[in-house]
Amino acid sequence: MNRLWAPWRRTYLRSSPDKRTGCLFCGLLKDTKDKKNLVLSRTAHYAVILNRYPYNNGHLMIVPRRHVAHLAQLNALERAEFFDVLTRMQNALCRAMKPHGFNLGMNIEDIAGAGIPDHLHWHIVPRWKGDVNFMPVVAGSKVISESLESAYEVLKKALAEQDAARRKQAVSRKGGKKK
Ligand SMILES: [Zn+2]
């Protein structure tokens with residue numbers, strides 16, 4: 001577990017912070033290069049980003065669009081949307097990568113291992129039987145970047161399929177009502 005929830009590497013924290021807040025997440029949220037930045041999805045109040053230094057393949061972060069550090073600072077709309085986003089992303093991971101389980105969680109403040117303590121975020125880490133050796137296996141940076149690109153693509157595809165299926169369901173429900 002220590003390895004799974006260890007702090008991020010410092011290099012990531014220096015990559016492209018927002019000028020005003022000095023925050024990496026705010027920088028990524030403001031930028032429009034979602035594919036380059038591994039931003040998978042944006043909703044009204046959240047963005048979902050693939051962790052560039054993952055603890056496992058498909059490691060995602062759910063980040064509020066607002067720069068807030070504490071759960072108590074989330075408003076009612078943000079609190080309500082969170083579980084929709086979490087469920088949607090867990091479904092997409094199941095569809096795309098067929099994990100055997102998940103670790104869901106957050107690190108609050110430095111002492112708990114938060115890499116970016118000033119901007120709240122949740123981790124979703126898919127787990128497979130026998131995956132404890134993931135980091136040594138993909139230790140080379142080339143392998144990690146290839147696996148990130150492929151994770152981005154399969155998850156994008158899974159989200160598109162999922163959303164299309166949901167739209168179809170909504171349309172057929174609407175049609176059903178008319179009868
Ligand atoms: Zn921020």
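L50 stands opposite L60 of strand β3, where strands are DSSP runs of E with at least two residues and helices are runs of H or I with at least four, numbered from the N terminus. The model is predicted, with local features requiring pLDDT of at least 70 and side-chain atom pairs pLDDT 80 or more, whereas totals for chains, interfaces and linings use all residues. Residues are numbered from 1 along each chain as its sequence is written.

Strand β2 (residues 46-50) runs antiparallel to β3 and is joined to it by five bridges, pairing being assigned if DSSP finds at least two bridges between two strands. Strand β5 (residues 122-127) is likewise antiparallel to β3, through three bridges; W122 of β5 is the bridge partner of I62.

Five of the five residues of β3 (residues 60-64) are buried, that is, 20 or more other C-beta atoms lie within 10 Å of their own, against 12 or fewer for exposed residues and values in between for partly exposed ones, with C-beta atoms placed from the backbone. L60, I62 and P64 point one way, and M61 and V63 the other.

R88 lies in helix α4 (residues 76-97) and counts as partly exposed because it has 18 C-beta neighbours inside 10 Å.
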